[in-house]
Each structure stands twice: as structure tokens, then as C-alpha cells.
Amino acid sequence: SGSISFHSFLWRQVRVPVIEHLSKYISPGEIADLEDDRWEAAVVKQDDKRIKLSVNSLPTAAIGRYQLIVETNCASGKAVSTHNPANDIYMLFNPWCEDDTVFMDSDDERQEYVLNSVGRIYYGTQNQIGVRTWNYGQFHDGILAACLYVLEKSGTPPSGWGDPVNVVRVISAMINSPDDLGVVEGNWSGDYSLGTSPTFWSGSVEILNEYYKNSGTPVKYGQCWIFAGVVTTVLRCLGIPSRTVTNFSSAHDTDVSLTTDVYLDENLDPIAYLNTDSIWNFHVWNDSWMARPDLPPGNGGWQAVDATPQETSQGTFRCGPASLAAVRNGHVYLKHDSPFVFAEVNSDKIYWQRNVDGTFTQIYSEKKTVGHFISTKAVGSDERNDITHLYKHPEGSEEERIAVETACRYGTKAQTFSSPTAEDVSVEVTMEGEGPKMGGDAELSLILRNSSSEQRKVFLHSQVAVMYYTGVHKATVRKDRTDVDLLPNEGEWRF
């Protein structure tokens, strides 16, 4: 009679003892032989009025917090114990279990992507890659409760919490604050006087604890690397293998064209109100590991997840999980949000000129501008691991071009690849030395080359502008127009 005291967390598909005191452990010989394909419990030891039970859970069980009560029936009647929150059981995904959809068969990778509580997040530009250490702290006191609070606050039914696809999608939405008062409020204004500057944070623990302590008030402020760092903490805490990923020259496609579009008027001046697409110096998101039985075979494994609030997905600011295999091959018709992720890493930059009748004509394209040095911390070391090959085929290869063309057929500008212009004139912008320095002059060189057998007349429009790292235009510094005659067969002109 009386309640049985128990407090722990469980990986899915485990046999666990229900015991009276945490200081007591059941020996291997006392674990009952239970069936793997169902919830089941069995008595393994009885001592007067105390018993030990072995409990088996399913690998498909919903994760979350389970209340534990004990009901006893005897000759004198039935008794039900009073619920004690201290006895609640926390069920997690289990990447050690082969039947769990988050199973990862490498012990080194499980150590890195589930158990490692400290990581490295990359930032800067593709030519100047910086790194910061981030304390994920997924096993820190109070973090499990905070992570499950985030899941509960989403308002989604717990019946869907057995599927990591659903859980990752919920977490992606809940880590940002728009439309659901999630964990972190984004701020790119430069004014952080009402909160904490994004550059101040060095880990997720303080952010999640503050959110939990303040009953779900969004924490101010964050930017992409903070959203990603917190997502890694939450997913690892819940048992889903996860890593933080940085993409350099990362595109933001706003109209599902699968291209990064630049609109120019009749005089080749930018049309500000149409130029909503941008290219960030860097952008940080996450990969999470899981099977994808909801997709065609071959699309399991790493899935891209992005909690930075850029575009809505089914009406909510969230992104993913998008199969990296699908993104790599341009299969953007596969859920979730693979068109947006594809554009981030492999969209062509297309220049459009307005005609007299108001229509637009494609006048130039850059095929190698977007998606470079996609980086994450290496397994078992602090080295940078380049995983660009997981997101795209080698730049310029036939496979990569086929992927781009395949993807764009599903975009809003499916005619993009019927380019009416010759592509035998190339332009290259270079800078001597180590690159621009604060307060110093920047000397640029423009090199035009003609690889055709005919002379080409080129109208070169150049513009130097100041931009935020997100690719948002701040101010124009200088504009030039120069007419150039290029001789045939590798004729070269420098400016």
C-alpha cells in the first residue's frame, strides 16, 4: 500500500525498474523478460509489502512527462496513490535503440551529437571564418524541465510527440517568438537597450532557464546563431541527434522562385521595392538526425531545421525538417520546406531588367555565388568540418546543374533556365591583400574576359554599397558605368 517513489528520465524502448528509492538499483538478473513490441510490466521481486516492477516502453512512445500513480487492489478494496510531481517520469527519444526513428549507429557520433554539451558555432564570411564556443548545457539542472515546458507551451497534442518529424517542427517554431511567444525574440536593429545584445550570449542554459522562470516570456534578444544554439540544446536534451550548421553566402528567397533575384530598371539601377531577396554573409541553422518513413527511401539521415524567423511555413515561422538528400538533388517537392533550404545553399543569382512595357528580361546570372563552406564542429574534435557536399553536388558539375534545374521547375519562375543571352563574357571582382579593414581604403579590381570567337561590346554597370551581414542594403557608396569593347578569344579588360 502507499505510493511508489520514482524520479528519472527514460530513453524510449527500455526496460526500467519501478523502485522505492533511487539509491536502490535492480540487478540485471531481476529484469523481467518482456516483449519488445508493447508496453508491459512484470513483478521481478517482492519483499513483504514492497515490490519491484520491470517496465518496458515502446520505441514509438510519445516523449514527454508521464505522471506516475499506483493503483492497488486487495481484499479490503482498491487504493490509488496521490500524484506527486517529484515522481514524474520523463520519456526521451533513444538514438541507441535500433527500432527508434532517431537511431544513430555510430557511438562516436552519438557522443558528439547527443551527449556533448559544448560546441563550436562558425560566423563571419567565406574568406574570414570566425568561431565561437557555445555551451549547450543539455544536462544542466532544470534544462530538461525547461525543454519539456517549451514543448507543452506549443499547445500541440502529445499524441504527436512520438514522431521526431513533428517534434522538430514544433521546436523550430517555438524557439522564435513571433506568433507563439516562443523562447527568443529576434533583433537585427542594433538597438538592444530593452534586453541583452545577441553577442553577449555564450550558451543556451541561461536563455532557457530565463524563459522557464518567467512563465514563457520571450528572452531578448537573439540572432541566427542563438536560435540555432538553443535548438541544438533542446533537441539533444530530448534525445534527437543534432548539430549547429553555418552556411556562408546564404540566400534568403522571399518568393519561392528558387532563385536569388535582383531587379533593375531601364537604366540598370536597382528597384528597391522589388529587391526583397538577399544574401547573408553567414546564416546558422541546425541538422537533426532521423529516419523519414514519410518520404521516399533514401531521404532519411540529416535533416535541415531552421528556427530563425524568416518565412512562414503553413502559417507559422518555422523551417524543416528538410532532407539533405532531397535538397542536394533538387527534389524540392518533398516536405518540409526543402525549397527554402535549397535556395539558401544553391540558388542562382539572377539579374532582371525592366522593359518599357513593364515586363522583365533576364540579363545576367551568377551560378556560384550562394552556399559556400557549410560548416559544423567535427566529431570528437574542435576542428571545422566542411559538409557542403551533403547539401549540394560539386559547384558547376553536371549533377549540380541538374539539381538546380530540377528545383527551379517547381519554383515561381520556372522559365528561368531559358536564358536568351550568351554567357561567353565573364566578370571577376578581386581585392588585393587580406581584404577590407575597418577605416582603410578598399581597392577593387574588375576583370572582364571574352571567351567567344567574336568581339563583344559590354556595358559595365558597377555599384559599391554598404550592407548588413544579412544582405540588407544600407547605403550606396559609388556607382559607375563604363562601355567596354572586348576582343575575341580570351580578350581581357581590367578596371
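**Reading a sheet and a buried charge**

Reply: In this predicted model, six strands form an open sheet with antiparallel pairing, in the order β19-β16-β15-β13-β22-β23. Its edge strands are β19 and β23 (384–386), each of which pairs on one side only.

Me: What do strands of a sheet pair through?

Reply: Strands of a sheet pair through backbone hydrogen bonds, either parallel or antiparallel. Here, β13 (residues 242–252) and β15 (residues 278–290) pair in the antiparallel sense, over 10 bridges. Within this pair, Thr246 stands opposite Val284 in β15.

Me: How many helices and strands does the protein chain have?

Reply: The protein chain has nine helices and 28 strands. Of its 495 residues, 47% are buried. Among contacts with a separation of 6 or more, 64% join residues 24 or more positions apart.

Me: Let us turn to the single residue. Where is Arg318 placed, and is Arg318 buried or exposed?

Reply: Arg318 lies in the loop between β18 (316–317) and β19 (322–323). Arg318 is buried.

Me: What does the side chain of Arg318 reach at 3.1 Å?

Reply: The side chain of Arg318 reaches the backbone oxygen of Ser313 at that distance. Leaving aside residues up to four places away in sequence, Arg318 touches several residues, including Arg169, Ser172, Asp306 and Glu311.

Technical notes: Residues are numbered from 1 along each chain as its sequence is written. This is a predicted model: local features need pLDDT of at least 70, side-chain atom pairs count only at pLDDT 80 or more; totals for chains, interfaces and linings use all residues. Side-chain values use heavy atoms; hydrogens and water are left out. Helices (H or I, at least four residues) and strands (E, at least two) are DSSP runs, numbered from the N terminus. Buried means under 20% relative accessible area, exposed over 50%, partly exposed in between (1.4 Å probe, protein chains only). Contact means heavy atoms within 4.5 Å. Lys and Arg count as positive and Asp and Glu as negative; His and the chain ends are not counted. A salt bridge is a side-chain nitrogen of Lys or Arg within 4 Å of a carboxyl oxygen of Asp or Glu. A polar contact is a pair of N or O atoms within 3.5 Å; within protein, one must be able to donate a hydrogen and the other to accept it, and residues adjacent in sequence count only if both atoms are side-chain atoms. Two strands pair if DSSP finds at least two bridges between them.
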